[in-house]
Amino acid sequence: MIDQSSGDSSISFKMATAINENHLLIIEDDQGRKEFPLENPVYSIGRDRDCDIRLFSQFVSRHHATLVKLPRPNNSQRFYYRIVDGNAKGKPSSNGLMINGRKIPGHDLQNEDEIIFGPQVRAIYYLLKNTDRLSSTDASEYDITLINPGMTDDFDD
């Protein structure tokens, strides 16, 4: 039962769809493949044992890159990650970042971007989108026509 006394006329009975985004970074280095679901506002990436995402390779800087979570323009519910070469204080890595085949100091990550940190050390970024339905389910989604076996003609071979 809905309380109409509150005067809230913004209640909608139509089906609404929300997009849930999951951010995933898959790292391949000297120790194999690892998956990192991204949720935190900042991640440090590098060889140092204090890094949030640790890379195992002699060719990677101790603090090779930084991931920063930023809100999408015009949508406070959604966000994206930007990768920047070097540590959070601005000191660049020794070898830099190759993103999608180009050496660049920073990049707003998009689905399936490839980041090369050094020889045989790379990451693939995935933006996974799931749609969830909000509010009640429409009964027409489950429209099933039942057939009474007595209503059909029996065809005997």
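Me: How much accessible surface does the chain have, and what share belongs to carbon and sulfur atoms?
Reply: The accessible surface is about 11300 Å², and carbon and sulfur atoms hold 48% of that area. Such areas come from the Shrake-Rupley method with a 1.4 Å probe; for residues, only the protein chains shown count as cover. A word on the model: it is predicted, so local features need pLDDT of at least 70 and side-chain atom pairs pLDDT 80 or more, while totals for chains, interfaces and linings use all residues. Residues are numbered from 1 along each chain as its sequence is written, and side-chain values use heavy atoms, leaving out hydrogens and water.

Me: What makes E28 and R122 a salt bridge?
Reply: A salt bridge needs a side-chain nitrogen of Lys or Arg within 4 Å of a carboxyl oxygen of Asp or Glu. The closest N and O atoms of E28 and R122 are 3.2 Å apart, so the pair meets that definition. E28 lies in strand β1 (residues 16–29) and R122 in strand β11 (residues 121–134), so this bridge ties together parts 94 residues apart in sequence. Strands are DSSP runs of E, at least two residues, numbered from the N terminus.

Me: Which residues are linked with E28 in a network of salt bridges?
Reply: E114 and R122 are linked with E28. The side chains of E114 and R122 meet at 2.5 Å, N to O.

Methods
Helices (H or I, at least four residues) and strands (E, at least two) are DSSP runs, numbered from the N terminus.
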